Amino acid sequence: GVLCLPDSLNLHKDQQRSNKPGEVQMFSQSELRTIEQSLLATRVGSIAELSDLVSRAMHHLQPLNAKQHGNGTPMHQKQGSFYWEPEALYTLCYFMHCPQMEWENPNVEPSKVTLQTERPFIVLPPLMEWIRVAVAHAGHRPSLSVGRGKKRQAARLLLPGVDCEPRQLKIDDCFCASRKLDAVATEAKFKQDLGFRMLNCGRTDLVKQAISLLGPDGINSMSEQGMTPLMYACVRGDEAMVQMLLDAGADLNAEVVSTAHKYPSVHPETRHWTALTFAVLHGHIPVVQLLLDAGAKVEGSLEHGEENYSETPLQLAAAAGNFELVSLLLERGADPMIGTMYRNGISMTPQGDMNSFSQAAAHGHRPEKEKGDILPLEEILAEGTDLPASAAAPLCASRNSKAKLKALKEAMYHSAEHGYVDVTIDIRSVGVPWTLHTWLESLRTSFQQHRRPLIQCLLKEFKSIQEEEYTEELITQGLPLMFEILKASKNEVISQQLSVIFTHCYGPYPIPKLVEIKRKQTSRLDPHFLNNKEMSDVTFLVEGRPFYAHRVLLFTASPRFKALLSSKPSSDSTCIEINYVKYPIFQLVMQYLYYGGAESLLIKNNEIMELLSAAKFFQLEALQRHCEIICAKSINTENCVDIYNHAKFLGVTELSSYCEGYFLKNMMVLIENEAFKQLLYDKNGETSGQNVLQDLQRTLATRIQSIHLSSSKGSIV
């Protein structure tokens, strides 16, 4: 179903009655639709955005609440509207950013994750539910305000297993008094907090007084979040304050600390960030220009040759799709090849570390020079690697080439993984080879989005994937997806392309042959006794005609004959009637038994299917296999469907598998055959127990496994 607001919170119902027709109503309805969509969100970008959404939603929801509380719940008749305290908004913002895993110790590098404390919920509730539950709690309290306690009560209901004090998310975090501090330390702490507040208010005339309150480190003092005044100014984008702090001697390249002893409120994601990183993150281009002109390190805190655990400014700009910032950082010598390692150590990407191109591709961004002018990726790479002579030692040409290819492969992987097929195709267009995983993810997304031209483009590209890429994923993920596309799509071009892929995957090797069963006869009589009345002791009645035989031979020939003879004692002179078998076919069966093999049989083409049925009925395995081999040798595009249907009806698995191999090997021709298409798509076949597409998928999976994935590659099973 479609996610929508409940009727009790429908923002349109009441408005349609009260509003007058015209432009005002149209604008109001449009605004309400926007609010309704926002109320279905499970995440918000910032506290400011959340505050705006809550205030606008409460403006429209409170009149509805007052009119629609006829559900039996006692309500206090209050005058006025509910007021949301700032602490409630910060608490709600924390819970809406609630991670799916508990960090065991986020201040250790790299951080450790305890998987045992994974929370029991999977999907976070929408904003609508948070507001509804919080207002319901507030409605039963004397106060008209929605506070932190009410939001925590809502969290207990909406997030099972969560009952914790929310972490402060404010930049100007409040001072937390501690009994462990003595009087001098407490006074110093109060002064430092006051100094940070004076600087964060944006008053440049208070800089000198604020610095005197910050403590022995002065302008480079750090708050409990491990951030300096310059970092806070960069977060706000206050260019004048940044310039004042720089003039006062602020350290351009100071880093957010990673230790938790002295700075307990450090956010794990901001460790090792510099002022430039914060300015880039918030998109303040003038501040970034100012910091770079003042000599800030373009790579942030990264030192040459060290492992990088924090995002570089260029990576953040690329992830945000801010082309102006990307260009500025590249001009100043930022390296797009630098990757970032994951801190938790358990979610490394298959292609390696996340570089700037991976960040951009993972967020679906394509850098633009001007409006509508796409900048090719190879040109970006050239900009990022052709450094000026004054820059650090440039990479050699060969390493540049390999690094470029690796960067593009990683970007291609992440764009496909996040469902940005157009970006993936763009990267492919510059010559980056496909990997099987990237191709499959792109095909899956295109199929889910019903983008037929992209599906055709991707299917055409399959042959460019190296056979070394064929892994277990092709069997477990690729084949089910492609057969699902074949089943769902009636497009002839797509069907033809899939046929080419299936034939290509089946390989040039011949279809595995059926082998004769060498079974030693337990007894044998002279052919002279065949259908001889004088010497026989049992008579069969076939199509109204008698056929004379001998118990001693038939009793050990097969379990079926033994059961037939056991039902008729030797003293009984009546005939054993054989139904559903023609007389010439029964005669061939007896000839096979009396001669002790199939060498003397003269089988006509129109008799082979009936003889196969008789051999199956009488449980003569060697004769059955002999008939299967004859069918396999005579199979062609005209009779293959009939042979397959007959084999499936009889339950002859070896012949059925051989036919499926023939279908896959010749599918490019057969896909144009009406009988074959009816076999694939006819729903009546499924009701009779046939599922041809699943059988073909299973046969092709076995073939790929034997050729590409087995210990002895190339062997045919």
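The chain holds 33 helices and nine strands, where helices (H or I, at least four residues) and strands (E, at least two) are DSSP runs numbered from the N terminus. This is a predicted model, so local features need pLDDT of at least 70 and side-chain atom pairs count only at pLDDT 80 or more, while totals for chains, interfaces and linings use all residues. Residues are numbered from 1 along each chain as its sequence is written, and side-chain values use heavy atoms, with hydrogens and water left out. Of the 717 residues of the chain, 45% count as buried, buried being under 20% relative accessible area, exposed over 50%, and partly exposed in between (1.4 Å probe, protein chains only). As for contacts (heavy atoms within 4.5 Å), 65% of those between residues at least 6 apart in sequence join residues at least 24 apart.

Two strands are taken to pair if DSSP finds at least two bridges between them.

Strand E7 (residues 538–542) has two kinds of pairing. With E9, the sense is parallel, over three bridges, and Phe540 stands opposite Ile576 in E9. With E8, the sense is antiparallel, over five bridges, and Val542 faces Arg545 in E8. E7 and E8 make a hairpin with two residues between them. Glu543, in the loop between E7 and E8, has a positive phi of about 50 degrees although it is not a glycine. Most residues other than glycine have a negative phi.

Not counting residues up to four places away in sequence, Val581 touches Val542, Glu543, Phe586, Ala614 and Phe618. That list takes in Val542, which is 39 residues from Val581 in sequence and 7.2 Å from it in space, C-alpha to C-alpha.

Turning to helix pairs, helix H20 (residues 452–460) packs against helix H22 (residues 492–506) at an angle of about 20 degrees, the axes being 10 Å apart. That makes H20 roughly parallel to H22, given that angles under 35 degrees count as roughly parallel, over 145 as roughly antiparallel, 65 to 115 as roughly perpendicular and the rest as oblique. The contact is made by Arg452, Ile455, Gln456, Leu459 and Lys460 from H20, and by Val493, Ile494, Gln497, Leu498 and Ile501 from H22. Sorted by type, these residues come out as six nonpolar, two polar and two charged. Here Ala, Val, Leu, Ile, Met, Phe, Trp, Tyr, Cys and Pro count as nonpolar, Asp, Glu, Lys and Arg as charged, and the others, Gly among them, as polar.

Another pair is helix H28 (residues 640–650) and helix H31 (residues 674–681), whose axes come within 9 Å and cross at roughly 35 degrees. On the H28 side the contact uses Val641, Tyr644 and Asn645, which meet Ala675, Phe676 and Leu679 in H31. The residues of this contact divide into five nonpolar, one polar and no charged.

Lastly, Val326 has its place in helix H14 (residues 323–331). Val326 is buried, with a relative accessible area of 11%. Leaving aside neighbours within four places in sequence, Val326 is in contact with Leu314, Ala317 and Ala318. The C-alpha atoms of Val326 and Leu316, 10 residues apart along the chain, are separated by 9.1 Å.

Methods:
Axes are lines fitted to C-alpha atoms, for helices over the stretch in contact, and angles run from 0 to 180 degrees between N-to-C directions.
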